[in-house]
Amino acid sequence: MDAKGVDRDSLQVERTRFRARIADLRANECWRSFSGRVAVVLSGGGALGVYQTGVLLALQDGEVPTHILTATSVGSLNAASYAASSDSVVGNAEPLVQSWLQLTSAALGIEWTRYVFMLAGVVAAAVGFGNLALEALQEQGILFLHLHQPKLTWLFLGLAGISVSVLHDRLSYLGYVARRVVRSRPWKVDKRKLLVSVAANATVWALVFQVLQSPHLHTVIQRLTSTFPTVTWAAFIVVLVLARLYWRRVREMASRLSRLLLRLPFRTGLFPNYDRTRLLQQSIAAERLRASPMRVVVTATDLEEGTERFFSNASRGELAADPNADLAFVTTEIEPADDLMPVLTASSALPIVYEGVTIGRKLYTDGSVVVSQPIRPAIRLGADVLFLVMTRSLRPKRTEIKTVLDLALRVLDILMAQNMRKDLKTLHEANRLCEAHAADIGVRPEQVQVAVGRRVYRYLKTFTVCPATPLDGSVLAFDSKTTESTIAQGYRDGCEAVIAFLHYAREGHAGEPRYRVRLAVEEAT
């Protein structure tokens, strides 16, 4: 039996044991008597979102009622599948697990061969237009090209092209050192960098020299040089002087032209959303998601305004009628969406990797850019208990950065971590405020509402579920061999959170009448 089979069998054994434990603890009776509203908050994380699948599976096996699901990025897809696959407030993670087990990068449109085709197109254009120009010049008698050794010439030209592509960023340092030496400007030379630059220049120019050995050109300039040598050399010197005088302007024009040409094959992301959208349509039933009794709130980033936007599967009227829902939040911050599929695509459109998604007249991208852990929507929709499901460990993970994509993803990861800390800080400060005033009047924090101006804070019991150590793989490793083990890890962590919630629910703290404490706000003078 292979490792995957072992992981799958082990997970089934754990599920059987956990469901038996839940039955022994009579969790169903506890859930029926629990009057509070439960919210599950799912963060982003790309391929690491497979961890959330295991947590949701634990919530399903624990038969935990989930009234609210707020999510961003890959969490939005997990939340939508969990809600759409069930007709009750107890979700169904089975289809989600199967989807993740079959998921590959190619199925999500992460297909690097598209850039090979782009490169092939550039080569074809260069060869086509280059040969067209050569034929035209030959017809006019301006230039004739003859190769003494065609095969070797094309071989060395190919090697020279590869060398320039790989070593282009190593070539300039040698020239920089030479200029500093000529101008007698003291500085400390990076010897290792200089040796690499010398080797790179030697390699490239040796190949270029070999290429130039074979061609034999017959040009009009050669005839003019032999007939009018003085005039030709004078014209050549004039051209050099003009090139030196106007070099900056010529370089700027060349840079603008290069930028225009290089932008042609690129869009707002490295990969289109077509394959991903098709996969979502096949795996998530939009009508069932719309009809689900769970309130699903999906977060996306408005690229024009740089702010978060919240979309829900329920109407504003339905949300406003829910217990403890904040009417102002529902009417001003929840966006109606006729079609939820573009919203899900936008919410999970990892910047740089995927193209932005146009909804209405606005361009949207991954919600994690501004909201890593969408806690506020869960609070405003009346949650009493929060399950915060994170894909990142609280311990940092060292990542290898070699390409611009690695750097961009690392920057996004830092931004998401900062957003998460800010969201958690806001939640903890609100809870501490409620705890302090509850202690003053001798009641439990769950029984207190603290009003500060127009803002009302309530105590929310929070269960944080996250991996103890950084997960294997990266945000783009959708075909990782660790998928099943990561699901199992999420399942175990989720089971612990369910048991902790069960003990809390039995204490009967949620859903009780609340005392309102109003704090006076001093106006600045």
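A charge is taken to sit over a ring if NZ of Lys or CZ of Arg is within 6 Å of the ring centre and within 35 degrees of the ring normal. By this criterion, the charged end of K461 sits over the ring of F463, 5.7 Å from its centre, and that of R276 sits over the ring of Y354, at 4.1 Å. The model is predicted, so that local features need pLDDT of at least 70 and side-chain atom pairs count only at pLDDT 80 or more, whereas totals for chains, interfaces and linings use all residues. Residues are numbered from 1 along each chain as its sequence is written, and side-chain values use heavy atoms, with hydrogens and water left out.

Rings of Phe, Tyr and Trp (its six-membered ring) were paired if their centres lie within 6.5 Å, with planes under 30 degrees apart counted as stacked, over 60 as edge-to-face and the rest as tilted. Ten aromatic pairs were found in the whole structure. One of them, F18 with Y491, is edge-to-face, at 6.1 Å centre to centre and 85° between the planes; because F18 lies in helix 1 (residues 3–24) and Y491 in helix 19, this pair ties together parts that are 473 residues apart in sequence. Both F18 and Y491 are buried (under 20% relative accessible area, with a 1.4 Å probe and protein chains only; exposed is over 50%, and partly exposed in between). F310 and F329 form a tilted pair, 5.8 Å centre to centre with 45° between the planes.

W31, F34, F387, F463, F501 and Y504 form one aromatic cluster.

Terms used:
Helix = DSSP H or I, 4+ residues; strand = E, 2+ residues; numbered from the N terminus.
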